Amino acid sequence: MELPGRVALVTGGAHRVGRAIALALAAAGANVAIAYHRSGEQAAKTVGELQDCGVDADAFEADLAQPAEAARLATEVADRLGPVDALVNSASWFARDEFPTPDTETWYQTFDVVLHGPFHLTNAVAGSMLERGGGAVVNIVDLSAWQPWPGRAAHSVAKAGLLALTRQLAVELAPTVRCNAVALGPTIEPAKFGPDQVERLRRRTLLGRWAGGAEAGRAVRYLLEADAVTGECLTVDGGEQYGHVRDRFTDTADGD
């Protein structure tokens, strides 16, 4: 897919990784819609940054856990910018949930944002993509899709589900619409993280650094433009998934 003049919809595009992805697509010439739920002020600021790239852009509020809201969003974006050519499901929810627990609210809320939202929104835009003869979807996951994270049961299981959904949709929508995923490691340092947390995650990567939002945007752009790639997951984690192998043998003498 050639991105100039295309319409890209990025969920969670108001801030952090979603914002970085939206900016990368705008820099590539796509007109960008960002979807947000509660970050209206940040969304408005990001829209200004996108427009500074010389493209058309707008922000749309929606609760994507609701099928009707996803359908409304798809219609509003089409009316304002044109039918969606590229969908990036980047919105996420990262809350601690111990198990067992008497409170299942975090479980359901996480699934609504991480898994149900992408399902509803892809369902809302896929028909138009098929009718127009093309389109692409990229879902954002992380290493918890393969490696369960203690105290993050809802997040880990939902991301694993999103990765499975990626592969399922690649099959269901082929050959007209492609669907891929990007699995991110340490990307943008959260403001709530202390220096020790930031350093610990940095040291877990083989490259010894946080990737930065531009790398996430570059990966998404590649998958949107790569017409021969579908059903795949591109891991952009600085080698974090292999960091435990290095650490396991650190300070071990040869022959021990």
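This is a predicted model: local features need pLDDT of at least 70, side-chain atom pairs count only at pLDDT 80 or more; totals for chains, interfaces and linings use all residues.
Y108 belongs to helix α4.

## Strand β5 and its neighbours

Helix α4 (residues 105–132) is also part of a right-handed β-α-β unit, with β4 and β5 as the strands. From β5 the chain continues through helix α5 (residues 153–173) to β6, and this β-α-β crossover is right-handed.

β5 pairs in the parallel sense with strand β4 (residues 86–89) over four bridges, and A136 in β5 is the bridge partner of A86. With strand β6 (residues 177–184), β5 again pairs in the parallel sense, over eight bridges. There, G135 has V177 as its bridge partner.

Eight of the eight residues of β5 (residues 135–142) are buried, so the strand is largely enclosed by the rest of the structure. In a regular strand the side chains alternate between the two faces of the sheet. Both faces of β5 are covered: one side carries G135, V137, N139 and V141, the other A136, V138, I140 and D142, all of them buried.

## D85 and its partners

D85 sits in the loop between α3 (67–80) and β4. With a relative accessibility of 7%, D85 counts as buried. The side chains of D85 and R132 are joined by a polar contact of 2.8 Å.

## Salt bridges

The structure holds twelve salt bridges. One of them is between R204 and E240, at 2.4 Å from N to O. R204 lies in helix α6 (residues 195–204) and E240 in helix α8 (residues 240–249), so this pair ties together parts that are 36 residues apart in sequence. Salt bridges with shared partners also join R6, D85 and R132 into one network. Returning to the R204 pair, R204 counts as partly exposed at 36% relative accessibility, whereas E240 counts as buried at 11%.

Within helix α3, E76 and R72 lie four residues apart, about one turn of the helix. Their salt bridge has its closest N and O atoms 2.9 Å apart. E76 is partly exposed at 31% relative accessible area, and R72 is partly exposed at 25%.

D227 and R178 form a salt bridge with the closest N and O atoms 3.8 Å apart. This pair links distant parts of the chain, 49 residues apart: D227 is in the loop between α7 (213–225) and β7 (233–236), and R178 is in strand β6. D227 counts as exposed at 57% relative accessibility, while R178 counts as buried at 8%.

Terms used. Residues are numbered from 1 along each chain as its sequence is written. Side-chain values use heavy atoms; hydrogens and water are left out. Buried means under 20% relative accessible area, exposed over 50%, partly exposed in between (1.4 Å probe, protein chains only). Helices (H or I, at least four residues) and strands (E, at least two) are DSSP runs, numbered from the N terminus. Two strands pair if DSSP finds at least two bridges between them. A crossover is right-handed if, with the strands pointing away from the viewer, the path from the first strand over the helix to the second runs clockwise. A polar contact is a pair of N or O atoms within 3.5 Å; within protein, one must be able to donate a hydrogen and the other to accept it, and residues adjacent in sequence count only if both atoms are side-chain atoms. A salt bridge is a side-chain nitrogen of Lys or Arg within 4 Å of a carboxyl oxygen of Asp or Glu.
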